[in-house]
Amino acid sequence: MDGSREGGRRGVVVFDSDGVLLRHLFLLRAAQQAGPLTWLRAFGLGLLLKLGRMDIGTVVERAYALLAGCTLEELLAVGERLRLAKGATEVCRDLRRAGYLVVLVSAGVPQEVLELVATRVGAQAVHGVLLETESGRLTGRLLECRHTARGKRDGLEKILRRWGFSWREVTVVVDDASNWQIVDAAWRSVAVNPEWSITKTASFVLYTRNLREILGFFPEGYETGITPAWLAVRHELFRKSIHLCAVAVPLLAMWSPAFTLWLVGIVTLCYAASELLRVVGVALPLFSAVTWRAMRSAESRGLVLGPFLFGVGIWLTLELFPLSAATVGILVLAIGDGAASLTGRLFGRTALVYNRQKTLVGSLTVFVVGAVVAMSYLPLGWSLAVGIVASLLESLPLGAYDNLLLPLASAGMVSVAVTLV
């Protein structure tokens, strides 16, 4: 890699390649090319790593033992076919132009393959695994200890000394626990779509399908329009668009209540499975993409209960109340709660005395939505009562549990009103 810098000296950004910069794990792709049995064994090693039953160094050693006899050219061909994460090339370009040294590291990708990836994204330095070969073929043994957590840190220290940087100038972008030593050593760290364990020590946690969003943690992000505030607004808008999808639930229930209950239940359970898989850094197709985009930064270090309680609240409301009452409860949640959040963020200036996280404007929004929706089934006086109940409940410091209680309370109020009218 060349030693030139673009822009001023800003610091170092280190990308862990497998799972962060690359969409696919190199060793699994290489094992797949070697045959289905080799792939199955490599997959088993990866599973043991995810479960914490084997350390990264042992897994990589055994994986390359399975690849004994392969040629370096075959591995390079696998590397050429690896897909980059969305935004990988752009973020490396932006960081380099801003004056950062961009470094790629990996405990599983060979040095030669990593240099190939660095050429594609414009990284200036790499630190990958060194393979022993005889007559052009892999012996299955590794040179040095670059495949261990300690070896990765030692290799980075050599790169920093060569370029004249210190750990105080380093930001590492990682996704799993095999990087704990460089996370501890670096000034700061960004965990991207991480395993649960690394979220405890990372400076920032980001769930995204676009790697360029890490610019939100750099001053240069403001020049590209990618800032924490921008990310928060985008996430909130996407989050409330999901809320609005619940408007379709009462319409489906008019056609088939049983089918609607099954559909809401299955979607809710799939979300729960997606959250549990997130703990070990596994993405569930479709569900993970949706929940990652909707996740608030404050939620990224723990299990996100909001969507799960949202689904449970809708399911219980459909199951426990007549369709007319359930419709009001679900629409108050789908429209009122989302509208309150957005109006509160955009126009809220006066916080509630008993809950500083909520605003008077947001509470009034829920009241109006609740009253207007209830007017389809109740007289004006009772409709206003439904709005008051919904507004008071939404204003309480319940956290994610308002997704569960808001539709139930609103539907319950409608049921009481119907019996008394």
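Predicted model: local features only at pLDDT ≥ 70, side-chain atom pairs only at ≥ 80, totals over all residues.

Colleague: What else can you tell me about the protein chain as a whole, say its helices and strands?

Modeller: The protein chain has 19 helices and 9 strands. Its accessible surface is about 19,300 Å², and carbon and sulfur atoms account for 63% of that. Take the contacts between residues at least 6 apart in sequence: 66% of them join residues at least 24 apart.

Colleague: Let's get specific. Why is H127 called buried?

Modeller: Buried means under 20% relative accessible area. H127 has 5% relative accessibility, so it counts as buried. You'll find H127 in strand β3, residues 125–134.

Colleague: What is H127 in contact with, leaving aside its neighbours within four places in sequence?

Modeller: The list for H127 includes L104, V105, S106, Q111 and L114, and also R146, G151, K152, G155 and I159. To count as a contact, heavy atoms have to be within 4.5 Å.

Colleague: Which residues does L261 touch, beyond its neighbours within four places in sequence?

Modeller: L261 is in contact with W315, L318 and E319. L261 and E319 are 58 residues apart along the chain, yet their C-alpha atoms are separated by 7.5 Å.

Colleague: Are E144 and N193 buried or exposed, and how do you know?

Modeller: Exposed means over 50%; E144 has a relative accessible area of 55%, so E144 is exposed. N193 has 16%, which is under 20%, so N193 is buried. As for where they are, E144 is in the loop between β4 (137–143) and α7 (149–163), and N193 is in the loop between β6 (188–192) and α9 (196–199).

Colleague: On to helix α12, then. What makes you say that its buried residues line one face?

Modeller: In α12, residues 248–255, the buried residues are V249, P250 and A253. Looking down the axis of α12, they fall within an arc of 95°, so they line one face of the helix. As a rule, an α-helix has 3.6 residues a turn, so residues three or four places apart point the same way. The face of α12 turned away from the buried side carries the exposed residues L251, M254 and W255.

Colleague: Last pair. Why are α15 and α19 called roughly parallel?

Modeller: The axes of α15 (residues 306–320) and α19 (residues 402–420) cross at roughly 20° and come within 7 Å. Angles under 35 degrees count as roughly parallel, so that is what α15 is to α19. The crossing of these two helices is right-handed.

Colleague: Which residues make the contact between α15 and α19?

Modeller: On α15, the contact is made by G306, L309, F310, V312, G313, L316, T317 and L320. On α19, the residues are N403, L404, P407, L408 and A411.

Key. Residues numbered from 1 in each chain as written. Heavy atoms only, no water. Helix = DSSP H or I, 4+ residues; strand = E, 2+ residues; numbered from the N terminus. Buried < 20%, exposed > 50% of the residue type's maximum accessible area, 1.4 Å probe, protein only. Areas by Shrake-Rupley, 256 points an atom, 1.4 Å probe, with all protein chains shown as cover. Arc of directions from axis to C-beta. Axes fitted to C-alpha atoms, helices over the stretch in contact; angles between N-to-C directions. Parallel < 35°, antiparallel > 145°, perpendicular 65-115°, else oblique. Left-handed = near helix turned anticlockwise from the far one by under 90°.
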